Amino acid sequence: MWISWWLWPLVALCTGDQFRDEAERIMRGTPVIDGHNDLPWQLLTMFNNQLQQEKANLTSLAQTHTNIPKLKAGFVGGQFWSAYTPCDTQNKDAVRRILEQIDVIHRMCQMYPETFVCVTNSTGIRQAFREGRVASLVGVEGGHSIDSSLGVLRALYHLGMRYLTLTHSCNTPWADNWLVDTGKDKAQSKGLSDFGQSVVKEMNRLGVIIDLAHASVATMKAALRLSKAPVVFSHSSAYSLCRHQRNVPDDVLQLVNQTGSLVMVNFYNKYVSCQEEATLSQVADHLDHIKKVAGAGAVGFGGDFDGVSRVPSGLEDVSKYPDLVAELLRRQWTEVEVRGALADNLLRVFEAVEQVSDHTQTPEEEPIPLDKLEDSCRTKYGYSEAPSFHHRPGALLASLTTTLLGLSLL
């Protein structure tokens, strides 16, 4: 008997190595596509987006969850990089700030072409897999970044945005955020306003993935029911396991199942365990629960690395994805289910979004009502209250006369 007792730790160790080896084998063919990484925000706060600074070198960057060696060790083959600007930029310089964050993502691809390739479609992701590079996509975090403008939404699409998170931790004039469900914010739109519905329709037309992380439950349900394409929760976990309003409740998970949508599980401790500490095993519990309620096709990874202060033990940085996959294999997930969570589920959703898109369709044009906007820093051109150049023919005549007199003196 004592021999058997002595052998058990060795058996467990060998089994653990077996699952880890199997995880790496699977990930060599199907690397992970992560739904949300805030490295661009770290580059702003640490280096003011000056990527040529010696300390900003992504091959040796040490203070972050993410750098190039860690990405390679974690078999990361696709990443939605978060272009994020905080809620306090709303009605101020949000558009400028988001343009700068999109720019830094493009410059990452330019400075490290052997590692990153900026792509805008599912075909580009698959090509990056074949090349062994990280398919880099732009996810704009927070609907306040479009400043309630369909024109800005379209412009960001042309700059590479392929998902838009409808809200961050603040309401927009057209969609409610998760703090409404805590009572800290008041519901303004009861989910989505009429203009918010136009935003969703225009995202469908363009081929932009709708992201419902940070949204109120009413906003989640309204968007899931309205969208013609599947949606994602780019970095959210299961409410039943951690009753934090940033997570997705079971009735919404059922809608996720019905619409073929996707929940990419967040690794932030407070969304995993509702405590300061969490473990890799608890993250796997969230993946298990979403698979159980919404189906294996509804599961993905959205680590939120470099956007959170505390991550689970065993998931300290982006190099640890194989350990999480090994845990899923230990829990008897099939290879097909694991490949789905790694990449195939996201690719399916992205391809469905691309199929729904139709650039020949007439764009949404109705602007948001002026009374829905804060006007302290706004001009009103285009609205009836705006001063119009054409209302001042005398001024136009005077201007032309001055110009012609000036020319006659030359």
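The structure is a predicted model, in which local features require pLDDT of at least 70, side-chain atom pairs count only at pLDDT 80 or more, and totals for chains, interfaces and linings use all residues. Residues are numbered from 1 along each chain as its sequence is written, and side-chain values use heavy atoms, with hydrogens and water left out.

Secondary structure was assigned from DSSP runs, with helices (H or I) of at least four residues and strands (E) of at least two, numbered from the N terminus. Strand β1, spanning residues 32-37, is mostly covered, and six of its six residues are buried (under 20% relative accessible area; exposed is over 50% and partly exposed lies in between, with a 1.4 Å probe and protein chains only). Strand pairing requires at least two DSSP bridges between two strands. Strand β1 pairs in the parallel sense with strand β2 (residues 76-84) over four bridges. Within β2, V76 is the bridge partner of V32.

Aromatic pairs were defined for the rings of Phe, Tyr and Trp (its six-membered ring) with centres within 6.5 Å; planes under 30 degrees apart count as stacked, over 60 as edge-to-face and the rest as tilted. W41 is partly exposed at 22% relative accessible area, whereas Y84 is buried at 14%.

The rings of F305 and Y321 also form an edge-to-face pair, with centres 6.0 Å apart and planes at 90 degrees. F267, F301, F305 and Y321 form one aromatic cluster.

A charge sits over a ring if NZ of Lys or CZ of Arg is within 6 Å of the ring centre and within 35 degrees of the ring normal. K291 lies over the face of W333, at 4.4 Å from the ring centre.

Most residues other than glycine have a negative phi. F75, in the loop between α3 (68-73) and β2, has a positive phi near 55 degrees and is buried at 18% relative accessible area. K190, in the loop between β5 (161-165) and α7 (194-206), has a positive phi of about 55 degrees but is exposed, with a relative accessible area of 66%.
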